[in-house]
Amino acid sequence: MAAVAASSADTAAVDDQEPQREAVPDLESQRRQIENGENGRGRPLQVGESWFLVGQHWYKQWEVYVQGGDQDSSTFPGCINNAELFEDQVNWHLKKELVEGEDYVLLPAAAWHYLVNWYGLEHGQPPIERKVVELPSIHKVEVYPVELVLVQHSDMDTPHTAQFSQTDSVDLVLQTAREQFLVSPQEETRLWIKNAEGSFERLCNTRVSVLDASLKTGQVVVMETRNKDGTWPSAQPHATSSTLEEEEDFQGQPGICGLTNLGNTCFMNSALQCLSNVPQLTEYFLKNQYVEELNFCNPLGMKGEIAQAYADLVKQAWSGHHRSIVPQVFKTKVGHFASQFLGYQQHDSQELLSFLLDGLHEDLNRVKKKEYVELCDAAGRPDQEVAQEAWQNHKRRNDSVIVDTFHGLFKSTLVCPDCGNVSVTFDPFCYLSVPLPVSHKRVMEVFFVSMDPRRKPEQHRLVVPKKGKISDLCVALAKHTGISPERMMVADVFSHRFYKIYQLEESLSSILDRDDIFIYEVSGRAAVGENSREDVVLPIYLRERTPARDYNSSYYGLMLFGHPLLVSVPRDRLSWDALYHILLYRLSRYVTRPSSDDEDDGDEKADLEDKDSLPKPGHVTEGSSQDPGLEQAGPSSGVVSGSRAPVDNSPGPSHWPQRARRKHLFTLQTVNSNGTSDRSTFNEDTHGVSFSCEPGLGRREGVFLGSRAHDHLPSPLAQPYIAIDWDPEMKKRYYDEVEAEGYVKHDCVGYVLKKAPVRLQECIELFTTVETLEKENPWYCPTCKQHQLATKKLDLWMLPETLIIHLKRFSYTKFSREKLDTLVEFPIRDLDFSEFVIKPQNDSAPELYKYDLIAVSNHYGGLRDGHYTTFACNKDSGQWHYFDDSSVSPVTENQIESKAAYVLFYQRQDVVRRLQTQASSSKPPASSACGAPPKSEFMDVN
């Protein structure tokens, strides 16, 4: 009840309504009727009835008068006079802080009218009528209504004061403001309240009472009117008036509006554009039907905020006044309610779509209090009966425009493999996530390194089983090279070192497409007995000495370079000198042997150096220092810690001649798996090369040998790693880097594994195929009383008006992640589901099973990076457009189908016809829904 201050005209109106004056009863009868009668002061309060205030002074005088029993007494009170209750006699406002029993008494309407009829009301005074309200745990007469100050957002300096009961709804406040400020019915408005701190807060839920909204007397309530372009004035604090006028003057096709990329938000823009082009959902928001269905008290919802934020976007996009809009408010709301979307990381458009549909459903759920519903199994009952029961149970808890538009029903059948128990349930769905037929083959690129030093490494492209083993990779390579798989070792090379050497039985899934895989030919001789000849496979690294910074010339750093090798060395030839010549032979393709003249030059240079200096292989002086700069470079740079050059009086494992440096191009040193020096790995008392581990690096010893990037290095492993250390001058003269990096491509490199296109119907068939549950997700059989790996089959029972089909392009396993770029052929029109729906069909209405495409969410790129766009058909024009963030361009239908298609939106044909009928009845008919666009400039998006 809005109660504006009454005027004297109110008195005349009340008098006109009162019955004609009757004979005044005797004083005792008066007292009984007013004090104790059925309609007297003592009656209980009833919510909504009217009570009246009477001044305490006049009422006491009347009590004295009637108790005296003399109608002619001088104590006659005269007309009812409430002057002492008013602050003034112009606006007739009540005085503040009046107290019942001291300043006034309360009388029910009947008693008040008796007194006015018997004694009259002072001329010009209004009756003080108040309502009984129900407050928490009490009924009371609301003597002081809440007095609010109403203003418009566009004119804050012209206030209007109005009074409201605490039980009045906020919607009544809004309607009063609309009437006061002459707002047309077509315009959309909302309310804000000004807090004591001076900030403004939205009054979102207008269905609550003034009391529940915590509105107080004197509080300022601001009414805001939506702009023609769908925006709210308060949402554009920094926009200039000229900018706003320019936007409102622009008139384009409603719905043809881009969304600004806020930073990796193309996934959100794509999902929003698809949803915005679902006709019946967009009409629902444009016609403000959502306002009455906002559910502010749903614990599973978002207090209506997601629905309101989405409605604002839709109204702006379909106002026709924007080329593009900035969805910043919506992005903030999404991040507030779903922390996974906070920040500006790239996400999946289907994941956001799933969140948004669920959020809109709960915010618009017509079920205010969800009842408990027990799920029931079929238990042998007919499918029709069970399905109807399941759908009714679903609607008892979930009833919204999202359910009306997107929810369908499928049948789930589980069969126990032990007892044969069959469980049938019917479950609702919002979208179909259909798998793509996956190839069981995989193409892998490897480099083959032959034992023949004259042959360059060969690049091969091998087709192997996707779930195969390392041995399958070797078998495939053997077909190209003629080398037995038993003579191959597979290694992952990273940053000039071995990251891992694989076992033959390891799974290929542990190898990623980006890994550099080298397969080395080794000798096939394996240990048979203690006296048998055995080959040791040595991992070989290449290192170059580099001058260390800020130290004298006797310090140096060592940097890995080139490709590492796996070299077979006979056990009986495992000496430093023999190893040197074996390695020189293996490197002969790109390492030149010095001529006699080169050796003479070397003699002269050596004479100038310390004559006692010897290249002791594997030795590092104990007091060696490290260059902090080189150490910080980390393993990914190929830089290892520096060490002091060896000196002659240091013990060493070799008795080379004094002029060994002149004869050798490089020195050898044992190192750990990361290529750094490790003194503990050789025996200094022998002429041969011996190691602390068992001889030989077996092809079945699959171990991690290093770490990538800046991961912490593991502790050195007891394995025979050898480093070839080059002086810069010697490397420059004898090492051919161009030749060392050279390789050839085998004919198989040109092979491309052809991926045949897949029909969408094949994906749906795969979705409805019987499958066995995984170990991580068993089913509890009520008959066996234990979890079982049951078989499961999904069938479509009832399809929604708008069907969302998610193509599962992204595949995730324990070791790998990949995107399937298979071309899925999907029809623009007449996608027929009649063969997939198992519910008995209505043959007279085939359009109930046929769908037309209305939108596509596309994903371009791979897993690590990518970009989302949208194709969508405008509901008004029937024209297809390509939405790429803020850019929008018309396209033809033959551009829509591509390998990038990720989420498809289909509209049932009976709904299309219904919407066309509704549109034609309200405006001139548009072109056929999603038909071929008119001749114009088109953007090539392929």
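**Conventions.** I number residues from 1 along each chain as its sequence is written, and my side-chain values use heavy atoms, with hydrogens and water left out. As the model is predicted, local features need pLDDT of at least 70 and side-chain atom pairs count only at pLDDT 80 or more, while totals for chains, interfaces and linings use all residues.

I found an open sheet of 4 strands in the order 2-1-3-4, with antiparallel pairing. Strands (E, at least two residues) and helices (H or I, at least four) are DSSP runs numbered from the N terminus, and two strands pair if DSSP finds at least two bridges between them. Strand 2 (104-108) and strand 4 (138-141) each have a single partner strand, so one side of each lacks a neighbour in the sheet. I noted that neighbouring strands are turned by 35° against each other on average, direction ignored.

I then looked at strand 3 (residues 129-135), which pairs with strand 4 over 4 bridges in the antiparallel sense. Valine 133 has lysine 140 of strand 4 as its bridge partner.

**The serine.** I located serine 450 in the loop between strand 15 (441-449) and strand 16 (458-465). Serine 450 is buried, with a relative accessible area of 6%; buried means under 20% (1.4 Å probe, protein chains only). Not counting residues up to four places away in sequence, serine 450 touches Arg455, Glu521 and Arg586, where contact means heavy atoms within 4.5 Å. I also recorded that a polar atom of the serine 450 side chain lies 3.0 Å from the backbone nitrogen of aspartate 452.

How values were computed
Axes are lines fitted to C-alpha atoms, for helices over the stretch in contact, and angles run from 0 to 180 degrees between N-to-C directions. Buried means under 20% relative accessible area, exposed over 50%, partly exposed in between (1.4 Å probe, protein chains only). A polar contact is a pair of N or O atoms within 3.5 Å; within protein, one must be able to donate a hydrogen and the other to accept it, and residues adjacent in sequence count only if both atoms are side-chain atoms.
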